[in-house]
Amino acid sequence: MSTKDRTLRGKVAIAGIGETKYYKHGQAPESEFALALHAIVNACADAGIDPRQIDGFASYSNDRNDPSRIAAALGLPALRFSNMQWGGGGGGGSAAVGNAAAAVAGGVADCVVVFRALAQGQFQRFGTAPPVATASGDAALNFPYGLISPAQRFAMRVMRFMHDYGIRHEAQRAIALASYHHAQSNPRAVMYGRPLTPEAYDASRWIVEPFRLYDCCLENDGAAAVIIVSADRARELKPRPAYLLGVAQGSEYRNAARSHNAPLYGTSSFTTVAPQLYEMAGIGPKDVQVVQSYENFTGGVLMSLVEHGFFAAEEANDFLVPDNLLAPKGRLPLNTSGGNLAECYMHGLELVIEAVRQIRGESTSQVPDAELSMVISGPMVTPVSSLILGGEATL
Amino acid sequence: MTAPAAYYLPAGMPAPVPEPDGLDKPYWEGTRRGELMVQRCQKCRAWQWGPEWICHACLSFEVGWTRVDGRGTIYSWERAWHPVHPALKDHGPYIVVLVELPEAGGIRMLGNLLGDPRQVVTIGAPVEAVFEPHDDAKVPFTLVHWKAVERSRS
C-alpha cells in the first residue's frame, strides 16, 4: 500500500460541536468533570445523536477527565477507543482530531469525541510556577535562572527568529489586534465588548521581552468537544459536515534536545509537519481561505504562519498588518472567533470548533463561501499538529 | 571566574538537584569545582548538550564528559518582567541568555546575564561563564551564569 493510499483525506468528518460557557479562570461554577460532560452532551445535541452512540474518546495535554469515567457517567454500552496525545501545551489539539479520525477510518470505533476541559481554579494555573523548592532534569537547567513559565520558555525562540529576519514588534501586534477585533463580533468571547487599540497594546506591560501582556493567551475555565464520525454517517446527520482533508503531527529534527539545543531554534516546530499536512490534503497554502492559529504567544503564530507557507519570514513585516488578517475580506482571515487571546483559552479546541463554523457558514466573523479552513495547534511545543477541514465541494 | 558578591536572583528560587538516575551528575559535580563539563562522544567526538544517555550522532552509549572553557556568544536572550515564582515578587526584571559555544560544536547553555538587568543585550556578543556557588543551600550547588567580555578578548 503506497503512502497515497494510506490517507485520511475525506474519510471522516466533524459532525458535532459543543462548548460550555467560557469563564475567566477560577470562575467556573461547576467542576471540571461536569464541564467536560456538558460540552460532550452539547456536541451530541448539535450533531443530533444520542450520547450513547459515542464509543470512543481522544484528548491531549494530559487532560484530567478519564474516558472510562465519562463512559460510565454517560452509560455508554461499550467503550472502544481511549486515546491521549503525548505532550503538554496545545500542540495536541489537531492531533487528537487526527487520532480520533484514524480510529474511525480504521474501523476501531464509530463515533469518537475529542474533548478538552479546564477549570484552573480547581488546579494549578499554567502561567504561574508550581510551588517547588527543587528542580531536576531539564528543569534544573532552566528553573533556577527564572526560566519557568511557558512565556519564558518560548520567548528566546521568538527573539532569535525576529532577530534573524528583522521582524518588528508591529507584526506581533497585528496578530493580537486581529484576535481582539474578531472577538468583538462574538458574544461567546470572554473579551466581547472589550476592544483592543494599537495604543493600548503598545502601552501594555512586558511579561517577558519580546512578549507584552496582549501577546499572551488568556487562561480560562470551560470545556469543548467535537464529534468525529465517518463521512458517510456525517452526511446522514443534520449539520453540514466539515470533512477532514488532512492532518499531521510531530516536530523537526531534535526539537526537544535539552537545554534549548534544538538545531533549528527559531521555529514553531512545523517545518516538517506542514508539508505532510498539505500532501495529505492535496492543496497548498494559497487555497486556504481562513486560519485558526493557536496563540500561546503571538510570536508563535508568526512562525506558524511562515512554516505553513502563507508568507516568507522576510515578508512578515509587510504581511502581518491588521487589514490582511481580518474577516471577511483580508488576505488571510486569522482567529475569527477571537482565539486563545480573546475568545477563550480552551487549549485550542475552540479553534477547531471555529474552523467547523467557518465551513458551516456560522461564524460570527464569517469568510464568504469558506470551503477550506485550517487549524494550527500549539506552536513551539513538541509534538505540534495542524489540520485542514473542507466542505462537500472539496472532496 | 570569580564568584559574585551576591546571588543574581533572590533566595528561594527552585534549587537544582541531580537526576536520580545519575545522567547529569558529572555536570553538577563539575560546577562545584568551578569546571564546566559537557558531553562529548568517545566514539565519534560529537558534542552533546543537554545530557543524554546515547550519542545522537552515532548512537554510541559511550558518551563521555569533557571540560570546556566557558567562552561563547549570545545566541538568544529574554528579559523577564512578570514574576511567576513567589521568590521573584517585587524583584524587577532579569535577563536570561542562551549561549552558543563555538569551540564545543555550537552546543548551547543557559544562564543569567550578570550586570545591569536593563542593559542592552546583543545577539552575537561574546560572554564568559561565571560560577555562583550556593554553599549555604541545604544541598549545596553551583549555578553557571554569563557575563559580557570585551570583543578584543573573544
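Which residues touch the most other members of the largest nonpolar core?

Author: This is a predicted model, in which local features need pLDDT of at least 70 and side-chain atom pairs count only at pLDDT 80 or more, while totals for chains, interfaces and linings use all residues. Residues are numbered from 1 along each chain as its sequence is written, and chains are lettered from A and ligands numbered from 1 in the order in which they are written.

The residues in question are Val112(A), Val226(A) and Ile228(A), in a core of 170 residues. A nonpolar core is a set of buried Ala, Val, Leu, Ile, Met, Phe, Trp, Tyr and Cys residues joined through C-beta atoms within 7 Å; buried denotes 20 or more other C-beta atoms within 10 Å of the residue's own, with C-beta atoms placed from the backbone. Domain 1 (23-68) and domain 2 (69-154) of chain B both contribute residues, so the core lies between them; these bounds come from an automatic or database domain assignment. Leaving aside residues up to four places away in sequence, Ile228(A) touches Val12(A), Ile14(A), Val97(A), Ala100(A), Ala101(A), Val104(A), Val112(A) and Val114(A), a contact being C-beta atoms, placed from the backbone, within 7 Å.

In chain B, buried residues make up 38% of the 154 residues. Chain B has 1 helix and 9 strands, defined as DSSP runs (H or I, at least four residues; E, at least two) numbered from the N terminus. Of the contacts in chain B with a separation of 6 or more, 54% join residues 24 or more positions apart.

Conventions:
Buried ≥ 20, exposed ≤ 12 C-beta atoms within 10 Å, placed from the backbone. Contact = placed C-beta atoms within 7 Å.
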